[in-house]
Structure formats: C-alpha cells, structure tokens
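Welcome, and thanks for taking a look at this one with us. Here is a short briefing to read alongside the model, grouped by topic.

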Amino acid sequence: MEAVNLLSSNRYTEKQIGYLFISVLVNSNSELIRLINNAIKNDLASRNPTFMGLALHCIANVGSREMAEAFAGEIPKILVAGDTMDSVKQSAALCLLRLYRTSPDLVPMGDWTSRVVHLLNDQHLGVVTAATSLITTLAQKNPEEFKTSVSLAVSRLSRIVTSASTDLQDYTYYFVPAPWLSVKLLRLLQCYPPPEDPAVRGRLTECLETILNKAQEPPKSKKVQHSNAKNAVLFEAISLIIHHDSEPNLLVRACNQLGQFLQHRETNLRYLALESMCTLASSEFSHEAVKTHIETVINALKTERDVSVRQRAVDLLYAMCDRSNAQQIVAEMLSYLETADYSIREEIVLKVAILAEKYAVDYTWYVDTILNLIRIAGDYVSEEVWYRVIQIVINRDDVQGYAAKTVFEALQAPACHENLVKVGGYILGEFGNLIAGDPRSSPLIQFNLLHSKFHLCSVPTRALLLSTYIKFVNLFPEVKATIQDVLRSDSQLKNADVELQQRAVEYLRLSTVASTDILATVLEEMPPFPERESSILAKLKKKKGPSTVTDLEESKRERSIDVNGGPEPVPASTSAASTPSPSADLLGLGAVPPAPTGPPPSSGGGLLVDVFSDSASAVAPLAPGSEDNFARFVCKNNGVLFENQLLQIGLKSEFRQNLGRMFIFYGNKTSTQFLNFTPTLICADDLQANLNLQTKPVDPTVDGGAQVQQVVNIECVSDFTEAPVLNIQFRYGGTFQNVSVKLPITLNKFFQPTEMASQDFFQRWKQLSNPQQEVQNIFKAKHPMDTEITKAKIIGFGSALLEEVDPNPANFVGAGIIHTKTTQIGCLLRLEPNLQAQMYRLTLRTSKDTVSQRLCELLSEQF
C-alpha cells in the first residue's frame, strides 16, 4: 500500500521507487491492481514525459493480461500522437511489443497500423529502432497489414548503409553506423518476399552490394567490437540474400564472403559461416560456388577443436554433396566417423546412408559403404539403415551376388557387430545360393559361419537367423539334416523365449512335413519392395528440426513429420522368412489406446451406434474460425481442430484407400467436470448417402483436466462435397454449452498417390481432354511462395509429387487415384506459380467433373 501511495506523489524519486517496487514485487492478481492501474492512467494522461516513461516501463515489466486489458487500447494512441516526445515513443513501442507478445488477442489492430509503419521515417533513430522491433513481430503474424513497411525499411536501410560514420554520430558504434537498427531492418525484410517494385528492389540490391563491399575493406579499428558490429550486419544481409534466393550474383558473392570466414581465427565466425553456407548449398544459383570450398570444409572436419563447428561442417558436406563429389564426401565422412564425437555419430551414419543411396551410380559401392558404416559405427546404425540396404539389394538383381559375397567376407571377422549379422543373415538366406558354387563359401561353410555368431546375438537377431536356416533348407537340401539337428536341440525347442521356441517348433515341422514343392513356394525369394520415400530420409527429417523457428519453418517442420503420419513402415511380407520390419498395423494405429466405452446404447442393436439416429435438439452455428481451422487440415491429419477457454478438440486420423479412422480427443481445460457431454456427428442428406460414419458414444462426464477419446470409422461410398459437422453439447458449472465445428473429412483424404513417368503423365493428360473433366483456377497467393512448403502441401494433399515431369521446373505436377466404394477416379494436377505477379494457376483433370471441381476448391485454399 505504501508503494501505491508513492505513485500519486509529484516527486520523481518517490514515484520511481513506487513503480520499481510494483514492477518487481506485486503479483499480477493482487487486489491492489485496480489502484495501481488508476495511478498509471493518471500518469499516462499527464503529458509529463518523465512520468509517462515510468508508467510505460511498469506496464511492460508487469506485462500481465490485466495490464493488457487496461492499456492495450491507450498505448497505440500515445505512440502515434504527433506531440509525444521521442523518448516516450520509444518506450510506448516497446511496451506495446511486450503486451502483444503476452496477449496478442488484446492488442487492437486497425486504425493505427499504417501510422506505426510511418515511424520508420521518424527523424529520431531511437524511435525507428524501437518501432522496427514492434513492426517485425506484428508483420510475422499479419504480413498483409504491414506490407507497406518494406519500401520504408529499404529506404531507411539505404540511408544508413551509404552514410559516412560521422553522419550518424550518436548512433555510430566503433565506426559502424547504427548496427542494431541495420540488423533489425534486415530482419524485417526477411518477413517478405523480394519487393515487387523494381525501384525498391534495385535500391535493396544496391544496399546489399554495399554491405558486401564494406566487408572487403580493411578494418577501421582493431577492436573486437568493430568487427562484431560489422559482421552482425553482414551475416544478417547474407540471411536476407539467402531468404530471397533470387539474385544469382549476390548469392555467389555471399558464398565467397563466407568462404573467407571458414578459415577465420574466431570460432564463432567459422560456425556462422558454415551454418549460412548450408543454406546457400540448397540454392540452385549458389550450389556450384559452395562446392569450390569442399577442401576447406573437409579440413575443418579434421582439425576443428569445437564439436559444434564440426557438426556444422558435416551438415555442409551433406548439403553440398551431388553426383560429382559423392564418393569423396562419403569417404571423408566415413573416415571422420572413426573418431567422431558420440553425440553426432547417429546423425552422420544417417547422412552417409542417405548420400550413398541417393548418389550411387554403382550399387556395389553402395553395399560396400553401408557395410563399412556398420563395421565402424554399428551401435549407431538404426534399424532403418539396415532395412534400407536389404530393400535395395532385393530390388536390384545386378547387386545381389556381390552383396552375398561381400557380407560373407565381412562375417569372417572375429568380432562382428550384431547389425552386420542381421544383414548377413537376411542376404545369405535370400541369395546365398549365388555364391554357393565356390568351395570357399559352400552351403555348410555359410551355415557354420552364421551359426557361430548365433549365441552372441539378441533374441530378435536369433529369430531372424532361424528364418535364414529354414531358407537354407530350401536352397541347399544337403544341409537339411544339420539344420534340423539345430532346430531339434533343447536350447531351441525348449527356449524360454516364446518367439524363438515357436519359430523352432514350426520351422522344424515345416522342414519334415512339407514336400520340396511346398517348401519352395513358402520359402521362395522375397518379392521386391514397393518404392516410396526412403525411411532413413524420414528419420533424418524427424531428428533435425530446422534451426530457425519462424512460423514458416514451424509449418515446414510440422509437415516434414506429419505428411499423412510420417514415414511409412517397411511392408511386412506374408512369407515365412523374417522380414526386416515389425509387422505394421494396417493404419499404424496399434499404439492408440482403445476408446473408453460409455454406457451401452438403449437400443437392442450392436455397440456401434448409427451416428445419425440421435440428431441434436438444437445445433449451434459453426464456431468462429472453424472454416480457417478446417482449411488447415486439408493437407494434414493431426493437430488441434478447435479450442476455447473450456474445451480443446484434437484430431489424429489415418486414411487408406476408401476407408479411414479418426480419433477425436476432447480435453476439458477447466478444473470443473463437464456433465451430459454429448458429441454428435451430423451429415446433410446428400452427404449421408456418400459417406458412412460410425462411432461409439463417449462417457457423459469429463473430469476437470481430463481428456476423452472417440473413434470414428469412415467409409467413402461415392465422391462428396460438403463436410460433416461435429456438434458438442454439455453442461459446465450449471450453464448449457453448445459448440459446432466442421470435421475435416474431405475428398482428397481418399487419395492414393500414383508415380508416373513423364510420357505416361502427358498421355493420360491428353486422354482427359473433355471440357467437363478440366477445372482451372487462377488466384493470388495468400502465403509466401516457398517451394518446399508447396511440395509438402501437395504431398500432404494426397497426390504423388512427380519430379522432372513438367518441362518447366518451377511447376508442380501431381497424380493419384481417389478411392471410393463404388469407383476409382484418376486425378492429375498441375500448379504453375508466377513469382513476379504472386499468382498461381491450378489445373485439375479427373474423369469426373464434380471431383475436379471439389479438389480444385480444396487445393486453391492452401496457397
């Protein structure tokens, strides 16, 4: 109370002590808050700059929701008023930024946004610096509203960059003019694509060239502060050049500039240079320039003392790898792996495995590389890596004999890693006959070699070896008796592990009862695996989220893990041989706990209740924002569908051909029970005929803080346009709650991707030339036009993304089949971006006009 009284004093020192005390010690839900807010209101209205400053500092330091409710409407007025003093404007901008970060929904946008943007023109550089921080944060969330800031930021940056160090005396830091403001302006420009106006674009290019030129000048001071400030501006400029990815000349210059830093004595600079070059390596304009520094990077890998810098060097080698240098880079990574830090070994193993597969011209080199990998770092070779070797060997006839010979030789080593035994067991079981003609690798020698490792292995590997032995019975009848003796031994038939015991019993029985024809059929070679995204690539994506987490990157990361539920399991064959995969549940949903069963329905029918029987008494209109959330789920299957103060609705869904299963999670966010909790699915009449939904009731009470789950089984009978509505009714604290949201079950969920070669695609495209079969839409881009995000969205939409089919590499082409119960509808799509105009043209051709129309509507909303 003493402190609150001090606030009404007119003496600066007393007021300052009062505010300081409140900022540090008053709890945001203290009953004194109303008194404090009154005092702050009086000070803000006093027009005394010193008192206004103290009040703004207090609001920003407390930063609570109550403060935001009380003052979020006042502060913008102070910020844009013509008679506010510069120091107060600075405080007001930063105070508003703080409130926006804690309670974005309470900070009103609108009338004052354009006037805030004009603060970038302010005479006072302190005001510009504070305003730039505020605008950058606001622009990340609402890019359209702050678009005009681009040209103002460019002209302000241009004035700073071209000024002499004496022009901005108060803001020059160790001979570098306004470094903090320059960095912030460059960051603000990274919220947007390159400017469309040629004059602004030219001026920005000039600025960036000047910054790169200044980096080449001899330093004006030997002090570390000078080089730090200069380099901060330089690295931010390079980030902007990389972000725009449109000026080949600047990209190559940036690359050469970073190349000089690779040998700098400052560890931090070497780290930053390697990190930025990784991004440059992925641009078509600068990839070749990055490759010229390969020797320096390899040298860094060998001589760096700091493990984090070595890790960046590995990342850069991975990014700069292509067909021309793959063998050199893979060899260097393998030799580094022998002494690499344990913390980064698994990642290096994944990267070597991916590069070896991606750039293998000669698959014998690929097999050698992976076996080497297992020899050097077997503990870090995950299941995915050795699964992948086996997939590739089985799918390529030309390498099978070589693989058998190589694993046979590798198994001769006295100490073999267990992963090598797995690969050896699998490959010899399939292709041991290809080397059995050589007396040095006769069937008996192969069997004895594998069996000598048996007692050292874990249970899953022993299980795999037993499968190899039964395969040998089929391949080499002469070792049948030896193998039957092993299977018959007590250590197998009476094994404590049920899996090993079952295999031994069944394989022994199979080998004694079955005729040779049946044996040959049951134990024939594994069929080729279907081609799909490499599981090791998916694992690497999962391991490494991108380093910068802007909203854009967040969505990229979410998709890289989440495109239809992540990496697909390796398909398990029904053959008796142990496949390199745990048998996968059809929809990969085995891990989800069963739905809590509510009270059985009163009707005498089965437990599955018809969704449509109990229509809600009064259905609420759709919740605000429901449409936007619905659109977000068109290209993804998992996430939060709806959230308010009381309830959160999450979804997890899987689709396979014309069937799907959706798990709906209802979370009670309060500490009070929900009573009579009844979720109902509602389908319009025409939708009911085309979409079958079945679900079980959920428990009518949901405890505070608890979550209940409901499973919806989905069958697509025929193509449909509308989506079902989920209506939830319950009582909370005596009041009746009624919420409706659209459930994201859309036609594209029943897509099966189809890979096609270029000529097949265009042949099919011509066949669908009927005017009713094509729908085209030309529309303005709603989001930044990022290639990777576009690719992820098309894959998430459900079609296959066909690389190198369209003659124009900037276009995206996709193909797939919509599966319904009654028919299958082939779909081809083509998306043509126009970066200059920020427009897209989307063309869809399918064998059914309503399907073309619906898919076009759904996909257009995504960009």
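Let's start with Gln-776, a residue of strand E13, which spans residues 774-780. Please keep in mind that this is a predicted model.

**Around Gln-776**
- Gln-776 has a relative accessibility of 41%, so it counts as partly exposed.
- Beyond its neighbours within four places in sequence, Gln-776 touches Arg-841, Leu-842, Thr-843 and Cys-856.
- With Thr-843 there is also a polar contact, side chain to side chain, at 3.0 Å.
- Ser-860 is 84 residues away from Gln-776 in sequence, yet their C-alpha atoms are 9.9 Å apart in space.

**Cysteines**
- Cys-856, one of the residues in contact with Gln-776, is buried because its relative accessibility is 3%.
- Which cysteine sulfur is closest to that of Cys-856? It belongs to Cys-827, and at 12 Å it is too far for a bond.
- With a relative accessibility of 16%, Cys-278 counts as buried, since the cut-off is under 20%.
- A disulfide is a covalent bond between the sulfur atoms of two cysteines. With sulfur atoms required to be within 2.5 Å, the model has zero disulfides.

- Is Val-24 buried or exposed? Val-24 is exposed, because its relative accessibility is 61%.

Terms used. Residues are numbered from 1 along each chain as its sequence is written. This is a predicted model: local features need pLDDT of at least 70, side-chain atom pairs count only at pLDDT 80 or more; totals for chains, interfaces and linings use all residues. Side-chain values use heavy atoms; hydrogens and water are left out. Buried means under 20% relative accessible area, exposed over 50%, partly exposed in between (1.4 Å probe, protein chains only). Helices (H or I, at least four residues) and strands (E, at least two) are DSSP runs, numbered from the N terminus. Contact means heavy atoms within 4.5 Å. A polar contact is a pair of N or O atoms within 3.5 Å; within protein, one must be able to donate a hydrogen and the other to accept it, and residues adjacent in sequence count only if both atoms are side-chain atoms.
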